[in-house]
Amino acid sequence: MVEDTRARSFGTVAAEYDRFRPGYPAEALRWALADAGDDAHVVDLGAGTGILTRDLRALGYRVTPVEPDPGMRARLDGTVPGTTALAGSAEAVPLPDASADAVLVGQAYHWFDRERAHVEIARVLRPDGIFAPVWNIRDETVGWVAALGRIAQMGESSSDLTEKVTTFGAAFGEVELGRFTHRTTVTPDDVLGLLRTRSHWLVAAPQQRQRMDRELRELFATHPDLADRETVELPYQTLVFRARRR
């Protein structure tokens, strides 16, 4: 299946993924984990290269990363001292029942088999534990960022997510939505590097890759907000969908 191929494409570019993908603002993570406790045990499900794991550890949480791709796990293990990622998936989490205070997911929930994953996530959470998928979404109300999204086919918009993520199944209460903003300073080469970690680029034919690369360079060379600038602020909205285990 195309979706399976896209989901498995990231391990080949684990180092680049880790370098170019943005982290998560602390206020968004604190909101996601409200009342979980300062020493909460948090599962980072679909942990990838450990971007979210590092941000959570910096806030003092105990984190267990779980990731199915061996290339991504190897990168995580090499960049997060004292942590070993567990091999597992959202549909088969290698942890005991009621062993986690919270389960967070950074940029990966859309790959899950949701019906199976919701049951498994509920199993590993304690009663009243928190489940919270988190996304960094480019702010496409900014003209050049919208053009970037059209060129690169760079994933779902905030409106897509708010329409699709409405319930986590019978084991969870009402889904609450938190929105947060942040920016990263990037060069044109950084944005090209970011593009090359996206699943659409990774599974594209060579001529499609060349077209996206060319159009992105043209955007930076000709757009009035970008031309002749060595760096630019790339704005993001961070969306957090939070619910509690019944």
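Predicted model: local features only at pLDDT ≥ 70, side-chain atom pairs only at ≥ 80, totals over all residues.

**A tour of the contacts**

Reader: Which side chain of opposite charge is nearest to arginine 21, and how far away is it?

Author: Arginine 21 sits in the loop between helix H2 (14-20) and helix H3 (26-32). Arginine 21 is buried, yet has no salt bridge. A salt bridge needs a nitrogen and a carboxyl oxygen within 4 Å, whereas the nearest side chain of opposite charge lies 9.9 Å away and belongs to aspartate 18.

Reader: Which residue forms a salt bridge with aspartate 18, at 3.4 Å from N to O?

Author: Aspartate 18 lies in helix H2 and the partner in helix H5, so the pair ties together parts that are 57 residues apart in sequence. Asp18 and this partner also belong to a network of salt bridges with Arg54. The partner, at 3.4 Å, is arginine 75.

Reader: How many salt bridges does a search of the whole structure find?

Author: Another one joins arginine 123 to glutamate 120, with the closest N and O atoms 2.9 Å apart. Those two are three residues apart in helix H6, so about one helical turn separates them. Arginine 116 and aspartate 113 form a salt bridge too, at 3.7 Å. For the whole structure, the search gives 13.

Reader: Is strand S7 largely enclosed or open, and how many of its residues are buried?

Author: Strand S6 (residues 176-186) runs antiparallel to S7 and is joined to it by eleven bridges, with threonine 184 opposite leucine 234. Strand S5 (residues 125-138) is also antiparallel to S7, through seven bridges, and there valine 134 stands opposite valine 240. S7 spans residues 232-244 and is largely enclosed by the rest of the structure, because its buried residues number eleven of 13.

Reader: Which residues have the most contacts inside the largest nonpolar core?

Author: The largest nonpolar core has 28 residues. The elements giving two or more residues to this core are strand S1 (41-45), strand S4 (100-106), helix H6 (114-124), S5 and S7. Apart from it lies another core of 24 residues, including Ile151 and Met212. In the largest core, the residues with the most contacts are Leu45, Phe131 and Phe168.

Reader: How many of the ten residues of helix H7 are buried?

Author: Glycine 143 lies in H7 (residues 143-152), and counts as partly exposed at 47% relative accessibility. Among the buried residues of H7 are Trp144, Leu148 and Ile151, and their cover includes S5, helix H9 (188-195), helix H11 (206-222) and S7. H7 is mostly covered, and the number of its residues that are buried is eight.

Reader: Which residue just after helix H4 takes a positive phi of about 100 degrees?

Author: H4 covers residues 51-58, and its buried residues include Ile51, Leu52 and Leu56. Among the elements covering them are H2, H3, S1 and strand S2 (62-67). Just after H4 comes the residue with that positive phi, glycine 60.

Key: Residues numbered from 1 in each chain as written. Heavy atoms only, no water. Buried < 20%, exposed > 50% of the residue type's maximum accessible area, 1.4 Å probe, protein only. Helix = DSSP H or I, 4+ residues; strand = E, 2+ residues; numbered from the N terminus. Pairing = 2+ DSSP bridges. Lys, Arg positive; Asp, Glu negative; His and termini not counted. Core = buried A, V, L, I, M, F, W, Y, C linked by side-chain atoms within 4.5 Å. Contact = heavy atoms within 4.5 Å.
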